[in-house]
Amino acid sequence: MPTSRLSNALQTMSIGLIAVILGACQQTPLSFTPTQAPSLANFDTQPNLPQVGNIYLPNEQPFIDVTPNGVTLPYQLQRTTRATQNLSNRMSLVAISPTIPFDNPDILQVAFQEKARSLALTQADACLETFETRVTLHSINISLTCPASANYLYQLLIQFWQPDAFSESAAIDIDNIRRQLKLNKHLNAFSGAEIDKVWRDKLLGTAHPYNKNINNQALFDSLSLSELSRLQQNTFAQANWQLFLPNHAQTEFDIKQSLSQWPTRINTHSSSHLINTQQPPQSRTLYLIDAPGSVQTQVRIGYALDDKHLSAQDMPLACRSLAALLGRSFSGRLYYDLREKRGLTYGIYGQCANAPLSTSIKFYGSTAIEHTGAFVVGILDHLKLLASTPASEGELAALKTYLIGEALLTQDNPNLSETQFIHQQVLGLAPQSIQAINLKLQALSPNQLMQLAQQAFYGEPLIILRGDVAKISADLSAKLPGWQLEEVKVND
């Protein structure tokens, strides 16, 4: 009996102890992190270290136009200036629309990938397994890298733009295309990428073509082969074309043969392109996407840049330099202060998005619930500091080294170099304009950088958060008293 009573007593004590622990866990309030003044790294170099001269970008372009004089071609022929020793040839066929964005290029990207898979299975051609596609709203680049002749690679690539590429007899699995498009939507929602959709909606407005021309959920559901074929042909008719050849393939490429394979343009009905690029004004409103139970808060903060405050030449310079100074990962101001010094995040980054119809700068990262208010205020404080106090000469020198070094590495990578060149074509940047921007970067002074920040960070920033609204709202209201909190839902 005593043993039984002891066992019952121990059981009662265990239950009570568990109840106390559970009660304590449930009642422990969140302790929110206080704000701090910005902290900057010291970029002063020791005088006894060897002096390294400035690095400069070479003036030569990575590609040159080799379209023969007196010959009318449906494409512009570009050849790389780099001497390649590879056994494989790389060829790219690029559709470009600088002024009007393509309709539903995200659908075409998935469709081209499905067609490449189908062709690789039916033709048993290893070259098709190297198929790549890189798509933006203003460019569609398809490429192959294979030890085959330039004309053979061209023949494979041009198949994707033939009028019958997506016909009923083309053996294309339209159901799989629809499934992949809808799967991408669900993956974005699961991963939290939906915050970037809200970012674009609030930054540009829902009527902006950069929001209207992608993520067409109704078309994802109803897409048929005939609709896909019509989309492909409308895109073909809208595009300007460029064909990229490797350095040594220019002499062996048979232009006359390529012209005989160029698609015959069919009659297409293009919708009227009334472009509305007016962007909504920003106010002191902090937009919240509720994610109940989330253990972290995703943060997006930034500005839409406009030509009212920045010249056409200063726009790309300001976008690149400010994004890098604050958000270039390990050596950026935000990473140094908010991660290294204060431990508020695992990473905070800057992004410059420079496109024909919109240029914007965005800083993004994630933080724990208890750090949310301090993290947001920390980013805003650094934006204000950059626009009010000149950077040191050492920090500016490090920024220039980073940007020029990044450009040199891009030029040294054939894929990145091609992508950058296409982007410059889309923006209408001539080689002289690019050289002028690089020279302005090399001559940039601390006061000039501060002026760029003042012009770029004009007005109120756009702030989007995704997290547990019930837990973070009070902290945000306390730390940002002049801001209105507004909960938003992600539109399908």
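**Helix packing and buried positions in a predicted model**

The buried residues of helix 15 are covered by, among others, helix 10 (314–327), helix 13 (393–412) and helix 14 (414–427). Helices here are DSSP runs of H or I with at least four residues, strands are E runs of at least two, and both are numbered from the N terminus. The model is a predicted one, so local features need pLDDT of at least 70 and side-chain atom pairs count only at pLDDT 80 or more, while totals for chains, interfaces and linings use all residues. Residues are numbered from 1 along each chain as its sequence is written, and side-chain values use heavy atoms, with hydrogens and water left out.

Helix 15 itself covers residues 431–442, and its 12 residues reach 17 Å from first to last C-alpha, close to the 16 Å expected at 1.5 Å a residue (the expected span being 1.5 Å times one less than the number of residues). Its buried residues are Ile434, Ile437, Asn438 and Leu441; buried means under 20% relative accessible area, exposed over 50%, and partly exposed in between, with a 1.4 Å probe and protein chains only. Looking down the axis, these buried residues fall within an arc of 95°, so they line one face of helix 15; the arc is taken from the directions from the helix axis to the C-beta atoms. Over on the other side of helix 15, Gln432 and Leu439 are exposed.

Helix 17 (residues 469–479) buries Val469, Ile472, Ser473, Asp475 and Leu476. Strands feature in its cover: strand 7 (285–290), strand 8 (296–305), strand 11 (462–467) and strand 12 (484–488) are included, along with helix 12 (372–388).

Helix 12 also meets helix 16 (residues 446–456), their axes coming within 7 Å and crossing at roughly 130°. Axes are lines fitted to C-alpha atoms, for helices over the stretch in contact, and angles run from 0 to 180 degrees between N-to-C directions. Helix 12 and helix 16 are therefore oblique to each other, given that under 35 degrees counts as roughly parallel, over 145 as roughly antiparallel, 65 to 115 as roughly perpendicular and the rest as oblique. Leu386, Ala387 and Ser388 of helix 12 make the contact with Met450, Ala453 and Gln454 of helix 16, where contact means heavy atoms within 4.5 Å.

Leaving out residues up to four places away in sequence, Leu322 touches Ile361, Phe363, Leu386, Leu449, Leu452, Ala453, Ala456 and Phe457.

Asn104 sits in the loop between strand 3 (89–96) and helix 2 (105–123) and is buried, at 11% relative accessible area. Its C-alpha is 9.2 Å from that of Leu219, 115 residues apart along the chain. Phi of Asn104 is near 50°, a positive value in a residue other than glycine. Ala124 likewise has a positive phi near 50°, but Ala124 is exposed, with a relative accessible area of 68%.
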